[in-house]
Structure formats: structure tokens, C-alpha cells
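Open the model in your viewer and keep the selection tool at hand.

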Amino acid sequence: MSNKLMAPAPWAEPITIYISWLRSANRPDSTIKQYSYRLRRFAADTGRDPFAVTVDDLTSYLGAEHRLWGRNTRRGARNALRSFYTWAHSTGRMTTNPALLTPPAPAKRGYARPASADAIAFGLWGADERSALLVLLGYKMGLRCIEMSLCHTSDLRREGPRWILRVHGKGERDRDVPVPPDVLARIQRLPAGWFFPGQIDGHLSNGHVSKLLSRALPEGVTGHMLRHSAATRVHKAAGGNIRITQRFLGHASSETTDIYTEVEEPELHDAVLAAAAA
């Protein structure tokens, strides 16, 4: 997704003011970036004046058959347009909100995609220190790529016999994650500062971390699949306690956590037979 797409002249100022409004509401940078792109894309594709758009324009755009969008992409575009036009209406720039009647696009339910043990071994075998630490932060501590990029030695602390890492999560939701001994040993070998130094504010970018993990792991295995593996393992170790797993992952909703936790066929088989025999 290109961030160099320029908004047509009539859209430039409204988008800039709207983005400032989102920032004043402390919306996450990822949301702001996504909404900005979706609005610029809509503006470029339709050529409509921003405040002359109708509900028919919006539904025609969102429902066009030639747009090979997945359900979640269509949902993201609708959310951006609804947010923009709710702002435009609320601030008196439009007398009506054309996005109110756009039909919802329910999110497709996800499913757990944990990386296999062989994939983890592949990722660690022969890996340099940086790549190995990235793999372990995902596999053993459940960190997102963007969270890995923001890890700093000042976020590591000791509480009695335990070591804790303060993780800077999505939506400015920080959380504390226990550090396993093998991960701790690698962290303690790092110089003071960012775990992964780079040119973006001193640390690697989210995208670069993702690329490094893709290079280290087998084809088809992503950094986010390491997080699914961590979630499944913690969920099992916690006896199926979804609240513990939710806190570990830093999710606002346990429904999201449920997507990350895989139930293996033998477990399902044993549970069904045990229930039948009760």
C-alpha cells in the first residue's frame, strides 16, 4: 500500500483537518495512517468533491464488483469513510451524513495459525543474534512486529526472581510480559538502548522487523504466526484460562484472543468423549 498517493486539491485541506482531529482524540497511528490512505484512495478513484458525496456514491464505490477486495478490506474502507463523514456532519461541513446508510461489512472470523515447531527450529538455526531474538520475542513472548521494534533496554526490570518487559502495544495499551530465561540471556547481551537500532526514530520500523522475520522463517510463515504459537502455548499452560491469554497478548477483547488459540483435534476428541461418558 503506497503512502505517496496524493489527495486531489479539494480533498487536501479537509483530510489534513480531519487527521488533526483524529490525533487530538488520541487515535492510534496505525488507524490514522489507514484512514488517511483510504480517503485519498476514495478521492482519487471517484473524483468527487468531498462535501458533495452522496450515499449512492459511497455504496457504489464500496460495492463495485471490479474491486477485488476481501471482506476486511471492504470493512476498513467503510470504517474510514463513515468516520470522515461523521466528522464532516458533526462539525457543520455537511448538513447530512451520507455514510450513515452504508451497509455494514461484518469482519470475517479469523482462525489460529500457529507456526510449527519445525518452522521455529528453521528460524533459529544459523540465525544471527538479531534475527534469533526477533523469533523468540514472537514465539515465546507473543510480541507483534511493531512491539518488537519499540523494545528498549530501559523497559526491562526485575521483580524479585522474575524479569519483566514493559511492552508498548497497539492503541497505547502497554502491558508487562514475563521474560523467559533464554530470551533474557539474549537481551542482557545487548548494549543499552533500543533492542533493534535503526534509522526510524533510532529503531527499526515495524515493516523492517516483519521483513527480517520473513527472511528468517520458512516460506509462508510470518512473524504474526509466532504470536499465534505463543498464544496457543500460553492458553494450554494456563489451563484454558482465556483471561490470562488475553492479558498476555494485550487484547482489548477476549473475542479477539479466542481467534489466536488453536484447539488440536486430539484435545477436541478427548473432550467430546469425556462429556459423552459423564
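Predicted model: local features only at pLDDT ≥ 70, side-chain atom pairs only at ≥ 80, totals over all residues.

**Stop one: the paired strands**

Select strand 2 and strand 3 (residues 174-178): they run antiparallel and are joined by five bridges. Strands here are DSSP runs of E with at least two residues, helices are runs of H or I with at least four residues, and both are numbered from the N terminus. Two strands count as a pair if DSSP finds at least two bridges between them. Click on Ile-164, and then on its bridge partner in strand 3, Pro-178.

Strand 1 and strand 2 make a hairpin with two residues between them, and in the turn Gly-160 has a positive phi of about 65 degrees.

Residues are numbered from 1 along each chain as its sequence is written, and side-chain values use heavy atoms, leaving out hydrogens and water.

Zoom out to see the protein chain, with its 13 helices and four strands. Of its 278 residues, 38% are buried. Buried means under 20% relative accessible area, exposed means over 50%, and partly exposed lies in between (1.4 Å probe, protein chains only).

**Stop two: helix 1**

Select residues 9-24, which form helix 1. How far apart should its ends be? At 1.5 Å a residue (times one less than the number of residues), its 16 residues should span 22 Å, and the end C-alpha atoms are 24 Å apart, which agrees.

Next, colour Trp-11, Pro-14, Ile-15, Tyr-18, Ile-19 and Leu-22, the buried residues of helix 1. They lie on the same side of helix 1 because they cover an arc of only 140 degrees around the axis, taking the directions from the helix axis to the C-beta atoms. An α-helix has 3.6 residues a turn, so residues three or four places apart point the same way.

Turn to the face away from the buried side, and you will find the exposed residues Ala-9, Glu-13, Thr-16, Arg-23 and Ser-24. Helix 2 (29-46) and helix 4 (71-90) are among what covers the buried residues of helix 1. Just after helix 1, look for Asn-26, with a positive phi of about 60 degrees.

**Stop three: helix 3**

Move to residues 55-63, helix 3, where Leu-58, Tyr-61 and Leu-62 are buried. Their arc around the axis is only 90 degrees, which puts them on the same side of helix 3. The face turned away carries exposed Asp-56 and Gly-63. Covering the buried residues of helix 3 are, among others, helix 2 and helix 4.

**Last stop: Ile-244**

Which helix holds Ile-244? Ile-244 sits in helix 11, and it is partly exposed, with a relative accessible area of 42%. Leaving aside neighbours within four places in sequence, Ile-244 is in contact (heavy atoms within 4.5 Å) with Val-234 and Ala-238. Finally, select Ala-231: it is 13 residues from Ile-244 in sequence and 9.9 Å away in space, C-alpha to C-alpha.
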